[in-house]
Amino acid sequence: MALPQSLEPISNAVHLSIDMQNLFAPGGIWATPWMERVLPAIVAVAELNPQRTVFTRFMTPLHAQDRPGRWQRYFKRWECATRSRLPGAQLEIVPALSRLIPPATVIDKPAYSAFAESGLAAFLHDKSVDTLILTGSETDVCVLATLLDAVDLGFRTIVVEDALCSSFDEGHDALMTLYRNRFSEQVELMTQAQVSELWHDQ
């Protein structure tokens with residue numbers, strides 16, 4: 001049976017999983033209540049092709065003054081998250097996903113977008129990737145910032161809607177509505193099951 005036009009096969013893709021770190025897991029200082037609920041879906045996507053999976057890590061500064069501008073104000077408010085205070089294990093990828101590293105790749109970033117001051121763009125260019133499959137944390141902060149950069153850079157951008165977590169239900173719901181109604185030509189929403197059916201990179 002032919003797939004709906006909106007569900008085209010996926011190829012030449014990388015699964016980009018945003019900030020699935022202990023920092024955002026239960027017990028972390030920025031715990032997202034949904035993480036445990038969506039983790040099985042993220043694991044399922046990552047296991048489809050670990051070699052084409054990238055896990056990003058939000059790397060906090062050693063001290064607040066190490067970041068520019070209003071980031072300093074942010075990390076003075078969240079001094080407990082600076083690396084001078086935060087146990088290093090909090091920055092690591094959660095165990096259910098870290099077991100896939102390698103062959104999965106880790107790319108660190110100091111800001112919300114995975115493209116900001118990181119090696120992600122060069123990594124994707126080297127692999128001639130033109131499609132990103134987005135999962136991770138948080139829907140309305142780091143995932144949003146990464147998605148907008150991906151759209152600006154021309155990537156086909158797929159959001160796995162049952163593989164995202166947020167600490168703000170209203171923000172998550174608003175973003176899902178925004179993607180459907182304002183970015184329908186550039187952003188595709190799929191379930192983990194649909195990605196499993198459609199992703200053909202081996």
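Student: What makes the 41 residues a nonpolar core, and which of them touch the most other members?

Tutor: A nonpolar core is a set of buried Ala, Val, Leu, Ile, Met, Phe, Trp, Tyr and Cys residues joined through side-chain atoms within 4.5 Å. Buried means under 20% relative accessible area, exposed over 50%, and partly exposed in between, with a 1.4 Å probe and protein chains only. In the largest such core, which has 41 residues, Ile10, Leu97, Ile133 and Val195 touch the most other members. The model is predicted: local features need pLDDT of at least 70, side-chain atom pairs count only at pLDDT 80 or more, and totals for chains, interfaces and linings use all residues. Residues are numbered from 1 along each chain as its sequence is written, and side-chain values use heavy atoms, without hydrogens and water.

Student: Which element gives the most to this core?

Tutor: That is α1, with eight residues. Helices (H or I, at least four residues) and strands (E, at least two) are DSSP runs numbered from the N terminus.

Student: How do you know that the length of α6 agrees with a helix of 14 residues?

Tutor: The expected span is 1.5 Å times one less than the number of residues. For residues 169-182 this comes to 20 Å, and the end C-alpha atoms are 20 Å apart, so the two agree.

Student: Why are the buried residues of α6 said to line one face?

Tutor: They fall within an arc of 135°, taken from the directions from the helix axis to the C-beta atoms, so they line one face. These residues are Gly171, His172, Leu175, Met176 and Tyr179.

Student: Which exposed residues does the face of α6 turned away from its buried side carry?

Tutor: Glu170, Asn181 and Arg182.
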